[in-house]
Amino acid sequence: MKFKPADKIQDLQYFGEFGGVNPSISDSSTYTFLSAKTMFDTFEGNAEGCYLYSRHSSPSNLYLGEALAAMEGTEAANVAASGMGAITPALLQLCQAGDHIVSSRTIYGGTYAFLKNFAPRLNISTAFVDITDLEKVEAAINENTKVLYCEAVSNPLLEVADIPALSKIAKKHGLQLIVDNTFSPLAISPKELGADIVIHSLTKFINGSSDTVGGVTCASQEFIDSLRSVNDGANMLLGPTMDSFRAASILKNLRTLHIRIKQHSKNALYLAEKFEADGLRTVYPGLKSHPSHELYKSMMNEEYGFGGMLVVDAGSLDKANALMELMQEKNLGYLAVSLGFYKTLFSAPGTSTSSEIPEDEQKEMGLTDGIIRFSIGLDNDVERTYEMMKGCMKELNIL
Ligand SMILES: *Cc1c(COP(=O)(O)O)cnc(C)c1O
């Protein structure tokens, strides 16, 4: 039977303290116990339903974690204060000094900087590989490798990871496969496809209102317990804890995620097809011209489409900048990083986050200076949006 992530979220039910239709927000950092014995047991992790201290866990964070675990089909989840606050503890929990990671070379800039510049201080090294070349991925594994890391759909060219094939490689070599699914919530279910750990930046599509940062790690109960261990859990000890009010607010936004993703995908596909037909170089997994179109189709939960991220080549950095400024002036969207907002967001990633890739390969991949990354918004009338964007492009001689 096909996995239905939105149904899993819908089937959950939480009531507030007074029968409220939303769970009550736990406005406390610490919790009382009726008996000293229960307090001791909770410290040891053996008192189900009891709370000790909110850095460890809180009711509001557990509700949100439970909903995200249901969405990804994992046993458990741990919410964190940001996407990076989920990613770095997960990696540090799995790797010790001397260990090695094989990572996609096209990953989020912060994750890349952590693996490239920070983890080596702890004597954790990383081989960055072309994640679409499975032979190179396997060849990069050595006897110290513990983790295979990738994004389901990655920056900036929306490369798609073959999760079932990567999972096979990970299992063969006893590695944990971590998939960052920030670009493709609901549309791709990495755990169903063989990933061990699924991470999201909640800051993006899942929260969808650009009002907070947040993150989550979805995994086995055993791994989530290890992250929270009072003795050696990276989330417990490094302390990137989400605030209860934010957790409650993200949970409410999560309930409309399925509707939003469908609209983001519908609008992005419409614009991608139009721009491509107009002769612009357009990168979108929903286009037949995308190198991973068939692969994405083979992995996707169909009703959610190909996502809201779209890349267009304006020809040069100057043209890209002028176009973004003009589109902002016409209120078509904002010149801003991040993604998943109701409004279209655009930025020019350039080649800055892909320094691991040799220049000739960057060219070959189509990683040029003129590319604009769009996070397409929830516009009600996307034909009107297209006509206005086309007007901007004509004005600047891009079309
Ligand atoms: C934004 C982002 C992150 C980091 O998340 P924060 O919430 O900003 O810490 C990680 N991975 C991807 C793919 C992202 O887009």
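Where is Ser210 found? In this model, which is a predicted one, Ser210 is in the loop between β8 (197-201) and β9 (215-219). As background, most residues other than glycine have a negative phi, and most peptide bonds are trans.

Asn155 and Pro156 are joined by a cis peptide bond, with omega at about -20°. Pro156 sits in the loop between β5 (153-154) and β6.

Now the overall layout. The protein chain has a domain 1, covering 5-254, and a domain 2, covering 258-395. Between the C-alpha centres of domain 1 and domain 2 the distance is 27 Å. On the domain 1 side, 37 residues make contact, and they meet 39 residues of domain 2.

How big is the area buried between domain 1 and domain 2? It is about 3,200 Å², and carbon and sulfur atoms give 64% of that. Three residues of domain 1 deserve a mention here: Arg105, Leu157 and Phe205 supply 24% of the area that domain 1 buries against domain 2, more than any other three residues.

What about polar links across this interface? The rule finds zero salt bridges between domain 1 and domain 2. It does find eight residue pairs in polar contact across the interface, with both residues at pLDDT 80 or more.

Which elements of domain 1 touch domain 2? At least two residues each come from α1 (5-10), α5 (109-118), β6 (159-160), α7 (163-172) and α10 (244-254). The largest share, three residues, comes from α5. By type, the residues on this side of domain 1 are 21 nonpolar, eleven polar and five charged.

Back to salt bridges, this time over the whole structure. A search there finds nine. In general, side chains of opposite charge can pair when their charged atoms come close.

Last, the ligand. Which of the 13 residues around the ligand come nearest? They are Gly83, Asp180, Ser201, Thr203 and Lys204. For three of them I can give distances to a ligand oxygen atom. From Gly83, a polar backbone atom is 2.8 Å from an oxygen atom of the ligand. From Ser201, a polar side-chain atom lies 2.8 Å from a ligand oxygen. From Thr203, a polar side-chain atom lies 2.6 Å from an oxygen atom of the ligand.

That is where I will stop.

Methods: Residues numbered from 1 in each chain as written. Predicted model: local features only at pLDDT ≥ 70, side-chain atom pairs only at ≥ 80, totals over all residues. Heavy atoms only, no water. Domains from an automatic or database assignment. Contact = heavy atoms within 4.5 Å. Buried area = accessible area lost by both parts, 1.4 Å probe. Salt bridge = Lys/Arg side-chain N within 4 Å of Asp/Glu carboxyl O. Polar contact = N/O pair within 3.5 Å; in protein donor to acceptor, adjacent residues only side chain to side chain. Helix = DSSP H or I, 4+ residues; strand = E, 2+ residues; numbered from the N terminus. Nonpolar A, V, L, I, M, F, W, Y, C, P; charged D, E, K, R; others polar. Near = heavy atom within 4 Å.
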